Amino acid sequence: MATVTKLLNLNIGLRTRFALYRTPVFFRQQLSAFHSTATANEDAEKTESMSKAERTLKRFWKAVTLAELKDGYAVALDGRTLKTPSGQVLTVPKEKKILALLLAAEWESQSVLLKPHSLPLTSLVARSIDGLTDEEERKTTIDRLMNYLDTDTTCYQHVYPQSLIDLQNEHWKPLIDWVEEKYQVKLNVTNSILGTAQQPETVKRLRQEVESFDPLTLSAFERATLSSKSFIIALALVKRQLSVEAATTASRVEVLSQIKQWGMVEDTHDVDLEEMRRQLGSVACSQMS
């Protein structure tokens, strides 16, 4: 029960901190910030259309372009750059031009209505700028993410049924072997419901790795950890050890075993699969140069 409570507290704490970047509130603030940059001599018709967009979340721009700034690239709607909820220009480093193009594509794909769920890269980048450049917030986020290591799904393995054991061996064991070899640590794996803590040396070494992440990578790692419920899977994804599809499968090992035994529940298992692909796909795209 203590382990379950700990997991719930971890999820609530982290999700609260970046929920703003995944809800319509963020996009209304984005539109408001965009609207506030309009000059006084712009015609009333355009101003009215933008005000309507704030209320209805409808597309109001005609052209999506990429603006090259001194410190990177930004997406511009009709010549005005996108902003984060805190009012900062939503910028990606110059070495991340592919990511900038993908951000622009997200906004170009909004044909009629703005769909927050179809802008995962925008929210991920905004989170990195607004939340993870602050040292105190960064430390708090890392502290919470490190707690996932002691409750990592890949380190809690079942001894039955055989179909689940086979899936664990196929998708989890290689990840554990990779972490142990790459970082020269030992991961404790258990089949007890009482839980097990990782060795202090292991926690220290893996924390050093997470602390080395730039804000964008940390934002991606945070999303991957929350989505997969696994520190190990998230680490492998941001380090390009896993593809999106492989990470998605590793995150759903127990679900896949249940589906094999009992069958798929339509509008539940299939929807969850696409949501996992969307979240982990945005993580992988954010690490492209």
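Start by selecting helix 5 (residues 120-130) and helix 10: their axes come within 8 Å and cross at roughly 120°. Axes here are lines fitted to C-alpha atoms, for helices over the stretch in contact, and angles run from 0 to 180 degrees between N-to-C directions. That angle makes helix 5 oblique to helix 10; angles under 35 degrees count as roughly parallel, over 145 as roughly antiparallel, 65 to 115 as roughly perpendicular and the rest as oblique. Helices (H or I, at least four residues) and strands (E, at least two) are DSSP runs, numbered from the N terminus.

Before going further, a word on what is on your screen. This is a predicted model, in which local features need pLDDT of at least 70 and side-chain atom pairs count only at pLDDT 80 or more, while totals for chains, interfaces and linings use all residues. Residues are numbered from 1 along each chain as its sequence is written, and side-chain values use heavy atoms, with hydrogens and water left out.

**Stop 1: helix 5 against helix 10**

Show the side chains at this crossing, which is right-handed. In this scheme a crossing is left-handed if the near helix is turned anticlockwise from the far one by less than a right angle, and right-handed if clockwise. On the helix 5 side, pick Pro-120, Ser-123, Leu-124, Val-125, Arg-127 and Ser-128; their partners in helix 10 are Pro-215, Leu-216, Ser-219, Ala-220, Glu-222 and Arg-223. Contact means heavy atoms within 4.5 Å. Colour the contact by class and you get six nonpolar, three polar and three charged residues. The classes are these: Ala, Val, Leu, Ile, Met, Phe, Trp, Tyr, Cys and Pro count as nonpolar, Asp, Glu, Lys and Arg as charged, and the others, Gly among them, as polar.

**Stop 2: on to helix 11**

From helix 10, select Thr-217, Ala-220, Phe-221, Ala-224, Thr-225 and Ser-228, which meet Phe-231, Ile-233, Ala-234, Leu-235, Leu-237 and Val-238 of helix 11. What is the make-up of this contact by class? It has nine nonpolar, three polar and no charged residues.

**Stop 3: helix 6 and helix 9**

Now select helix 6 and helix 9 (residues 200-211), whose axes come within 11 Å and cross at roughly 140°. Helix 6 is thus oblique to helix 9, and the crossing is right-handed. Helix 6 brings Arg-138, Lys-139, Ile-142, Asp-143, Met-146 and Leu-149 to the contact, and helix 9 brings Val-203, Leu-206, Arg-207, Val-210 and Glu-211. By class, that gives six nonpolar, no polar and five charged residues.

**Stop 4**

Follow the chain to the loop between helix 6 (135-150) and helix 7 (162-171), where you will find Pro-161. A cis peptide bond joins Tyr-160 to Pro-161, with omega about -5°.

Next, select helix 7 itself. Its buried residues are Ser-163, Leu-164, Ile-165, Leu-167, Gln-168 and His-171; buried means under 20% relative accessible area, exposed over 50%, partly exposed in between (1.4 Å probe, protein chains only). Their cover includes helix 8 (173-183), helix 12 (244-251) and helix 13.

Zoom in on Leu-167, at 15% relative accessible area. Leaving out residues up to four places away in sequence, Leu-167 touches Trp-172, Val-253, Leu-256 and Ser-257.

**Stop 5: two aspartates with positive phi**

Select Asp-78, in the loop between strand 2 (72-77) and strand 3 (80-81). Its phi is positive, about 50°, although Asp-78 is not a glycine. Asp-78 is partly exposed at 33% relative accessible area.

Then jump to Asp-267, in the loop between helix 13 (253-262) and helix 14 (269-286). Here phi is about 65°, again positive in a residue that is not a glycine. Is Asp-267 buried or exposed? At 63% relative accessibility, Asp-267 counts as exposed.

**Last stop: the whole chain**

Zoom out to see 14 helices and four strands. Of the 289 residues, 48% are buried. Among contacts between residues at least 6 apart in sequence, 66% join residues at least 24 apart.
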